[in-house]
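Dear colleague,

Please find below the structure that I am handing over to you.

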Amino acid sequence: MGSFSIWHWLIVLVIVALLFGTKRLRNIGEDVGEAIKGFKKGMQDGDSQARLKADPPDEKPAASETKSEHSQ
């Protein structure tokens with residue numbers, strides 16, 4: 001009762017293709033791919049928001065404000 005060989009996996013793949021059809025399997029693959037892309041994008045957005053909260057960018061005064069302060 002060892003691990004499955006390549007022939008076992010090929011037989012399983014053929015049976016699954018016969019049961020569901022290649023079009024449905026392609027749709028499932030596309031859906032899974034879109035879900036993974038959405039998950040990765042969500043993780044990147046979450047990381048960037050966490051970085052902004054942890055280390056907010058320095059606010060530099062506008063050029064007009066610095067000129068008025070120096071002239072006084």
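On the surface, a nonpolar patch is formed by Ile-6, Trp-7, Leu-10 and Leu-13, which together have about 460 Å² of accessible area. Accessible areas come from the Shrake-Rupley method with a 1.4 Å probe, and for residues only the protein chains shown count as cover. Leu-13 is exposed, at 52% relative accessibility (buried is under 20%, exposed over 50%, partly exposed in between).

This is a predicted model, in which local features need pLDDT of at least 70 and side-chain atom pairs count only at pLDDT 80 or more, while totals for chains, interfaces and linings use all residues. Residues are numbered from 1 along each chain as its sequence is written, and side-chain values use heavy atoms, with hydrogens and water left out.

The protein has 3 helices and 0 strands (DSSP runs numbered from the N terminus: helices are H or I, at least four residues; strands are E, at least two). Leu-13 lies in helix 1. This helix covers residues 6–20 and reaches 21 Å from its first C-alpha to its last, close to the 21 Å expected at 1.5 Å a residue (1.5 Å times one less than the number of residues). Just after helix 1, Gly-21 has a positive phi of about 90°.

The whole structure holds 1 aromatic pair. The ring centres of Phe-4 and Trp-9 are 5.4 Å apart and their planes stand at 70°, so the pair is edge-to-face (centres within 6.5 Å, with the six-membered ring used for Trp; planes under 30 degrees apart are stacked, over 60 edge-to-face, the rest tilted). Phe-4 is exposed at 56%, whereas Trp-9 is partly exposed at 49%.

Mean pLDDT (the predictor's confidence in each residue, from 0 to 100) is 79 for the protein.

Yours sincerely

Notes. Buried < 20%, exposed > 50% of the residue type's maximum accessible area, 1.4 Å probe, protein only. Patch = residues over 30% accessible without salt bridge, like charges linked within 9 Å, V, L, I, M, F, W, Y side chains within 5 Å. Salt bridge = Lys/Arg side-chain N within 4 Å of Asp/Glu carboxyl O.
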